[in-house]
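Keep the sequence open beside the 3D view as you read.

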Amino acid sequence: MPPIFEPAERLTLPLIVLGGVTAFPAIPINFEISDAPSVAAATAANATDSFVMLTSLIEPHEDTDYKEDDLYRIGTIAKIKQAVKSPDGNMRLICEGYARAELLALHRFADYYTAQALMVIPSPDEKMSVREEAMLREAKSTLESMTALLPNLAEDVTKAATAIRSPGAFSDFVAANILVRFEDKQAVLEAFDPTERLALTTSLMMEETELLICEMAIHKEVRDRLSRHQKEYYLREQARVIQEELGEDGDSEIDEYERRIKEAKLPPEVEKKLLKENERMAKTPFGSAEASVLRNYLDVCLELPWNQKTHDRVDLKAAEKILNADHDGMEKVKERILEFLAVKKLNPELRNQIICLVGPPGVGKTSVAQSIAHAMNRKYVRVSLGGVRDEADIRGHRKTYLGAMPGRIVAALTQAGVNNPLILLDEIDKLTRDAHGDPSSALLEVLDGEQNKSFRDHFVELPFDLSDCLFIATANTLDTVPRPLIDRMEIIELSTYTKNEKMHIAANHLIGKQLKRHGLNRRMLKLTEDAVASIIDDYTREAGVRNLERTIADICRKAAKRIASGEVKTVTVRAKDLPELLGAKKRIRDRIGERDVCGVVNGLAYTEAGGDLLKVEALVLPGEGKVELTGSLGDVMKESARIAVSYIRAHAAELGISPDFHKNYDLHIHFPEGAIPKDGPSAGAAMVTAIASALSGATVRHDLAMTGEVTLTGEVLAIGGLKEKTMAAAAAGVKTVLIPADNMRDLPELDKEAVAVLEIIPCRDLTEVLSRALTHGIPHAIPVPVASAAMSTPAIAQGGHHG
């Protein structure tokens, strides 16, 4: 082809950018372009039947805002022979190279790039020197050796290359059709001198030949290593042998794990163990089960926060403000946390704080733990222990087991991302045990301040310091918690909310929360105080506020429906409106009788829902001295009834009762609400009073209630749940409450509103109880009645009664 351009003239041509492809002079090339500037350049050149410059990206990327530094300086000037545009906007080109060119400058023209290039016109073919002919023969000989190792190479390509007599053209043909690596092709293109280009091509073919020979040897070695059952590892083993031949030190994954281990600044024991496990993984086949186990183990260990921690907030006023804003009441819990922060401020090294919050459902044990974490500026993580029955759930499984994983404590630390979070052990009283072990025993080390500084999970197998963690456990009762576990925790009891506390919680928290959840505001829906009080008294019966919140949500839904439908713009809910919104009252309030009755006593009971007024009825019938007990009584309450009867028999003369009453009369002791289970010793004083009243004929004060366990000698012993019992008495209209003298120490803990309306009288023995309860004191010489009793209307209650 005759020269078209003058060699000295700088050319400005449309630029087509190639990715991973190299074009050579005098060799057709078929490729596809997708970037908009190159498509536009090809369209413009094809329309004017002009030449284009082809050059490649140094590093292929998606960005079409090309810079000179992105492109190789040496490219090829070519002519477009055919251009076909596909529906997706891409274009397939068939070009024929003309000459090498050097990219001098890059310019943007319209919607494509132009290249200012210096074209290098090849000199006309001259007779080769002896050296050049020898080099060409050597190159062809090397090509034959190389193609012998390439059975898939077309024979036509080899014949065409052998027929070429020009050193430069031979080099270009071999680079374009036989060499594999893009960098090798580009290196040949950048060699302008034909002799140097031929020498470079020969050298590259020799390297490729050596690589092919090595690859053949590797194939043979791999086949010798593989057994019939190891064929699936063929590719992995092949890569491994290649690394051995090249003298490399192993997998990049192994290097990555080693780098992460060394950068983590782990304790020496931990770092040594992990590096050892990493070396083991390097010696195992990549896809083997053991490699997967080791990889999982390293990941778990490296994700643990060995050194990360948060700094406690030691500003007591700020912490107190946060606690008060989140929760009403709970003074004991707040005081304990503020004490901890105060000591932490004076002694930053304070550790081993383990607290257990015990209380009925719904009083805010879980939510106050979140508030504490916020107040202390600690990460919060919750571990639910309800229903956990396997010791491995706490301490993890050995990593050798299939599907092994760390225990819940290690998982919680990983989730928190620090080594000093607040860990909430929720529902610790709901732990169970079976043949797999006792999870509560596994918690002994976790909650022991002297042992948990080196806690070892079965999966991790390395000591982890838990002494900086603040553990808060929650439980509804301690009856099912093992004694050694209780001994390791500081117990804080959360009592039932008083009505006043519920009113404040509803006003300050629940109503606003539910209004926001239902898309309302305080102007659209107003709940009056009397409505909230009626909800508490007539529609909910609970120690906490969960049902109260649900009922408020129910009212919000009904108000939202009326407002959204356009019936009204605002809704005001008063107590008188509640039956229309919530239906009939769900709870009949406990009320005392209107007059003094013989054989009926107001007892007091403690239930999961709070306190309760528990009537005790006694009836005397002609018979043979049998004692009948009814009302779903537990064993402890039945024993209290026997003690009461024995005491009456022993002191019959003092009480003015016939000493032979047990021979001629039967006693029937009944506790109304018979469907509700009842148990506990605190009804002993009430049963003695009811029996004495029924046998003596003396009436019992209807405005008086009592509680207390009794002994055979007549002592009145202390009981629990006094706060809830006195609240129930005040709500029922009782004026006087008889309590054991030893319970006077609990007086500061009682509800102030209940104490204000009650006369609380301490009693040390049954003589004091009877003298104050019976309308005529302890009677003398009163004949035994044939029958006496008065029935009371049972109250609707929830849950069992406990003394």
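A word on ground rules. This is a predicted model, where local features need pLDDT of at least 70, side-chain atom pairs count only at pLDDT 80 or more, and totals for chains, interfaces and linings use all residues. Residues are numbered from 1 along each chain as its sequence is written, and side-chain values use heavy atoms, with hydrogens and water left out.

**Empty spaces**

Rolling a probe the size of a water molecule over the atoms shows where empty space is left. On a 1 Å grid over the protein atoms alone, a cavity is a set of points where a 1.4 Å probe fits but cannot get out, while a pocket is an open set with protein on both sides within 12 Å along at least five of seven lines; lining residues have an atom within 4 Å of a point. Grid points are joined across faces, edges and corners, and a volume is the space filled by probe spheres set on the points. For the classes in the table, Ala, Val, Leu, Ile, Met, Phe, Trp, Tyr, Cys and Pro count as nonpolar, Asp, Glu, Lys and Arg as charged, and the others, Gly among them, as polar.

| Space | Volume | Lining by class |
|---|---|---|
| Largest pocket | about 1400 Å³ | 12 nonpolar, 13 polar, 15 charged residues |
| Largest cavity | about 40 Å³ | 4 nonpolar, 3 polar, 4 charged residues |
| Second largest cavity | about 30 Å³ | 5 nonpolar, 5 polar, no charged residues |

Let's start with the largest pocket. It has 40 lining residues, and those nearest its centre are E493, L494, S495, T496 and E724. The elements giving two or more residues to this lining are helix 12 (331-346), helix 18 (499-517), strand 17 (600-607), helix 26 (722-732) and helix 27 (752-757). Helix 26 provides the largest share, 3 residues. Helices (H or I, at least four residues) and strands (E, at least two) are DSSP runs, numbered from the N terminus.

How many cavities of 30 Å³ or more does the structure hold? There are 2 of them. The largest cavity is lined by 11 residues, with F340, R351, R378, D468 and C469 closest to its centre.

Around the second largest cavity you'll find L18, T22, A23, L54, T55, S56, I74, G75, Q186 and L189. Strand 3 (51-56), strand 4 (74-85) and helix 5 (182-189) each give two or more residues to that lining, and the largest share, 3 residues, is from strand 3.

**Helix 10**

Next up is helix 10, made of 15 residues (289-303). From first C-alpha to last it reaches 21 Å, close to the 21 Å expected at 1.5 Å a residue; the expected span is 1.5 Å times one less than the number of residues. Its buried residues are A291, L294, R295, Y297, L298, V300, C301 and L302. Here, buried means under 20% relative accessible area, exposed over 50%, and partly exposed in between (1.4 Å probe, protein chains only). What do the buried residues of helix 10 pack against? Their partners are helix 8 (252-263) and helix 9 (268-282), with contact meaning heavy atoms within 4.5 Å.

V293 is also in helix 10, and it counts as partly exposed because its relative accessibility is 29%. V293 and K399 sit 106 residues apart in sequence, yet their C-alphas are 7.0 Å apart in space.

**Single residues worth a click**

E549 belongs to helix 20 (residues 546-564). Is E549 buried or exposed? E549 is buried, because its relative accessible area is 16%. Leaving out residues up to four places away in sequence, E549 touches L510, K513 and Q514.

D49 isn't a glycine, but has a positive phi of about 55°. You'll find D49 in the loop between helix 1 (36-48) and strand 3, and with a relative accessible area of 53% it is exposed. N377, likewise not a glycine, has a positive phi of about 60°. N377 is in the loop between helix 13 (365-376) and strand 8 (380-384), and its relative accessible area of 40% makes it partly exposed.

**Cysteines**

A disulfide is a pair of cysteine sulfur atoms within 2.5 Å, and by this rule the count is 0. C95 counts as buried because its relative accessibility is 0%. C598 is buried too, at 13% relative accessible area.
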